[in-house]
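Reader: I have a new model open on my screen and would like to learn how to read it. Could you walk me through it?

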Amino acid sequence: TYAKMDTVSLGFNIDSPRWDQSTFVGRLKHFLNITDPRTVLVPEEELDRAKALVEGCRAGLVPPGSSQEQLLYAKKLYDSAFHPDSGEKMNFIGRMSFQVPGGMAITGCMLQFYRTVPAVVFWQWVNQSFNAFVNYTNRNAASPISLRQIGVAYVTATGAALATAVGLNLYTKRAPPLLARWVPFAAVAAANCVNIPMMRQQEIINGITVTDENNNELGRSRRAAVKGIAQVVLSRITMAAPGMIILPIIMERLEKFTFMQRIQVLHGPLQVLLCGGFLLFMVPAACALFPQRCSLALADLEPELRDSIMAKHGDKVSYVYFNKGL
């Protein structure tokens, strides 16, 4: 059922990015494509067919009559549902394409139910459980993490979120109402600063593989891991920031209107929908904030690795490159 690629343009490489990844706009288009929440609804059988088509294309074989658009759509489905390192199908809760539907429901509830300590504790726990799924699903397969380390990261991040949320919740009892509405964001930001480094601690301890511009391996660097993880933490906080900072201001003003006071039961669903509007743009925008293929100057590497590279390659290598993760 397969034939040599004769219906696809000469030189077509299914793994080449469709847009320039050195620019923010190009990265934004790329992540708008692969974080499309509609892909969560695609049946398992279609995802499996997409994987087979992508792997066949990599081998230079596609079904007769396949168009380039069909191949690109298959690659979109593949990127949205399969792990880039292992090629295994990811659980749908942890996929980046589930960030909008999953994140909007949880964030909307965190912003709505912020007044009592039990509600704060429950929704922060739900959020950190969701984050644990996401971080585990998108882990670096080249730096395996044990179940014990996952458990420690989960408990530590949840503890940081709860301590921040409950502490600030009690502190802001006498503060202006708007400050209390911003407590969930402070808790989410604090948890991200703990959760992601803990979940990816093996990369910090053992380093990650760095290459030259032609993808030739040069060694492992802990400083590269720290830079990549720091960028991911900043991206995740940026992803949540607009919705969790601007939306409370919007709701604070809306709730002063008489009609809004009459429909209090709809405040929660309204916040969920508005969160979805923010996340629909912020998920790809935050992922695109930094290049996926991160770089680090040779001078900023660990002395022993820098000396090793210079001994082998002289002054031919000025920068090293690595995958920062998501």
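This is a predicted model: local features need pLDDT of at least 70, side-chain atom pairs count only at pLDDT 80 or more; totals for chains, interfaces and linings use all residues.

Reader: Is the crossing of helix 1 and helix 12 left-handed or right-handed?

Author: Residues are numbered from 1 along each chain as its sequence is written, and side-chain values use heavy atoms, with hydrogens and water left out. Helices (H or I, at least four residues) and strands (E, at least two) are DSSP runs numbered from the N terminus. A crossing is left-handed if the near helix is turned anticlockwise from the far one by less than a right angle, and right-handed if clockwise. Here, helix 1 and helix 12 make a right-handed crossing.

Reader: At what angle do helix 1 and helix 12 pack?

Author: Two packed helices are described by the angle between their axes and the distance between the axes. Axes are lines fitted to C-alpha atoms, for helices over the stretch in contact, and angles run from 0 to 180 degrees between N-to-C directions. Helix 1 (residues 24-34) and helix 12 (residues 267-287) pack at about 125°, their axes 8 Å apart. That makes helix 1 oblique to helix 12; angles under 35 degrees count as roughly parallel, over 145 as roughly antiparallel, 65 to 115 as roughly perpendicular and the rest as oblique.

Reader: Which residues of helix 1 meet helix 12?

Author: Phe24, Leu28, Phe31 and Leu32 do, against Leu280, Phe281, Pro284, Ala285 and Cys287 in helix 12, with contact meaning heavy atoms within 4.5 Å.

Reader: How do helix 8 and helix 10 compare in direction, roughly parallel or antiparallel?

Author: The axes of helix 8 (residues 183-199) and helix 10 (residues 222-254) come within 9 Å and cross at roughly 165°. Helix 8 and helix 10 are therefore roughly antiparallel, and their crossing is right-handed.

Reader: Where is asparagine 215 found?

Author: Asparagine 215 sits in the loop between strand 3 (208-211) and strand 4 (217-221). Although not a glycine, asparagine 215 has a positive phi of about 70°. At 54% relative accessibility, asparagine 215 counts as exposed; buried means under 20% relative accessible area, exposed over 50%, partly exposed in between (1.4 Å probe, protein chains only).

Reader: And for the whole protein, how many helices and strands are there?

Author: The protein has 13 helices and six strands, and 48% of its 326 residues count as buried.
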